[in-house]
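Thanks for coming, everyone. I will go from the whole chain down to single residues.

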Amino acid sequence: MTIVSSVNDAVQDAPGNPAAHAPGQPIVAVIGDGQLARMMQTAAIELGQSVRLLAGTREASAAQVAADVLLGDYREIDALRAAASGASAVTFDHEHVPSEHLRTLIEEGVSVQPGPHALLYAQDKLEQRTKLGELGFPVPRFSPVTSPEEAAAFFEEVSGAVCLKARRGGYDGHGVWFPKDLAELETLVLDLLERGVGLMAEEKVSFDRELSAMVARTPSGEVAAWPVVESEQSDGICHRAIAPAPEMSPEQAASLQRLACEIASKLDVTGVLAVELFDKGGQYWINELAMRPHNTGHWTQDGSLTSQFEQHLRAVLDLPLGATDPVAPVTVMVNTLGGPEDPAEPLPSRMAQVWRRFPAAKIHLYGKEHRPGRKLGHVNLSGTDAAATAREADLAAHYLVYGRWADGWVAE
C-alpha cells in the first residue's frame, strides 16, 4: 500500500514511511512523479534499495507504486528538504527544480546528482548551446533572442532556416516553433516575449536521421556508454528507438560514444546523460541534452545487460557501473500514446492479444489514464533483423493504442 504524507508532516527525523526502506540499504530521493521515477523504483527494488518520492499528487504514475511518497511542490525548498532528509542521494525525473534550491541542499550536506552546475545545461538551451560551442562540440548556429530585431537579424544570417526555441521548459515538441517567414517569426517573438518566455534561435539544419548517444557517469568519474540508438520522431515526440542504430559503422558509433562521454566529463554530469544528435551523412550536430533516464533509453530495460534505470541509481550513488552490452542483435522500443479514443476492448485484453501474437514483446505501462497524445507506455522487442523487429514492435504498439491490428491480422 502506498503511504502518503504531507510535507508538513514529513519534516522530521524519519520523514515519510521509514518502514519502506530495507535496513542498511541506500535511499534515493527522486524529485518528480512521472514514468521515469516509476521505473527507477522498479530498478531500486531489484537492487534492494528504495526511493523516497516527492510527488505532486497521490495519483501520479510513480506515486502509485512507491512505498514512501511525500506530497509537495518541487519548487519549494522545504519540500525538497523533507524528501532529502536521510537520503543517500537526491536525483530527478525532470530538470525543472530551481538551481538555487539545489545549491542550498548541497550547502546543507545533501548529495545532489547531477549537481546544479551541470543541470543548468539541460535546463537552459541557450546556456547549453553556448557552453557546448565553447568546448568545441558540434552545435548548429544559434543566437539569443531578446527582441524581434535580433530574431530578424538571425533570420537573415541563416537565410530563413530558423528554429525558435523557449530557453526553458520545452519538451516533446513543446516550446519549439518553425516560422514560415520573417513576419511570422517577428510576431511569434513579440508575443512570446510579452508573455515572459525566454527565447533563443538556432539554424534549422537538414538531417537524414536523429540519433541518441547515452552514457552514465559517477561522481568519481567512471563512465559507461550504451550503443548509439536511432530515434524516429512524430509530432515532436519520440515514436521509436532502434538499438543499435542501423547502417552505422563501428568507427562512427565509437566516435559518438566518445563524444557523449566527453560531454559528461567536461560538464561534470552524474547519472544518465542522453545526447540527442542530428546526422547528415555522417556529419553530426547536437540537438539536446537530458540529464536523467531518457525515452530513447527505454530499450535498455530488455535489450541491455544493465538498464538505464539501474545504471542511473548506481551512478548517483557512486557505485560501480554495470555492463552496457546488448543482449540481442537489435532491440526496438515503440512508445504507446493515447489515440483519439480509448478502445472499447479493456487494456488487459489488448495486452493479452499482443502477447498471443508476439510472446517476446515486453510491455511497460505507466499507470496513466487515457488521454489523446499522452505517453501511456512503451513496447520493447528484441530480434535479429532491425526492419522485421521494428515492424513487429510497431504492430504491437498499434494494437495497444487502437485495439486493432494495423495489418489486418486475424488469429487462426
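A word on the record before we use it: UniProt positions are given in the numbering used here, feature names are shortened, and annotations may be inferred rather than shown by experiment. The UniProt entry is unreviewed, and under "binding site" it lists Lys125, Lys165, Glu202, Glu203, Lys204, Val205, Glu210, Asn287 and Glu288.

Now the ground rules. This is a predicted model, where local features need pLDDT of at least 70, side-chain atom pairs count only at pLDDT 80 or more, and totals for chains, interfaces and linings use all residues. Residues are numbered from 1 along each chain as its sequence is written, and side-chain values use heavy atoms, with hydrogens and water left out.

First, the overall picture. The protein has 13 helices and 18 strands. These are DSSP runs, numbered from the N terminus: helices are H or I with at least four residues, strands are E with at least two. The radius of gyration is 22 Å, close to the 22 Å from the globule rule for 412 residues, so the protein is as compact as a globular protein of that length. That radius is taken over C-alpha atoms, and the rule is 2.2 Å times the number of residues to the power 0.38. Along the principal axes, the C-alpha atoms fill a box of roughly 65 × 60 × 45 Å.

How much of the protein is buried? Of its 412 residues, 54% count as buried. Buried means under 20% relative accessible area, exposed means over 50%, and partly exposed is in between, with a 1.4 Å probe and protein chains only.

Next, contacts, meaning heavy atoms within 4.5 Å. Take the contacts with a separation of 6 or more: residues 24 or more positions apart account for 65% of them.

Back to Lys165. Lysine 165 lies in strand β7, residues 162-166. Is lysine 165 buried or exposed? It counts as buried, because its relative accessibility is 4%. Leave aside neighbours within four places in sequence, and its contacts include Lys125, Glu202, Asn287 and Glu288.

On to helix α5, residues 116-123. This helix is mostly covered, with six of its eight residues buried. The buried ones are Pro116, Ala118, Leu119, Tyr121, Ala122 and Gln123. What covers them? The cover includes β5 (89-92), α4 (99-107), α6 (125-134), α9 (250-267) and β15 (283-290).

Look at glutamine 123, in that helix. Its relative accessible area is 5%, so glutamine 123 is buried. Not counting residues up to four places away in sequence, glutamine 123 touches Glu95, His96, Val97, Ser99, Arg167, Arg168 and Gly169. Glutamine 123 and alanine 328 are 34 Å apart, C-alpha to C-alpha, and 205 residues apart in sequence.

Two last stops. Aspartate 78 sits in helix α3, residues 77-84. With 47% relative accessibility, aspartate 78 is partly exposed. Its C-alpha is 9.4 Å from that of histidine 101, which is 23 residues away in sequence.

Tryptophan 409 is in the segment after α13 (386-402). Tryptophan 409 is partly exposed too, with a relative accessible area of 31%. The C-alpha atoms of tryptophan 409 and leucine 395 are separated by 9.8 Å, and the two are 14 residues apart along the chain.
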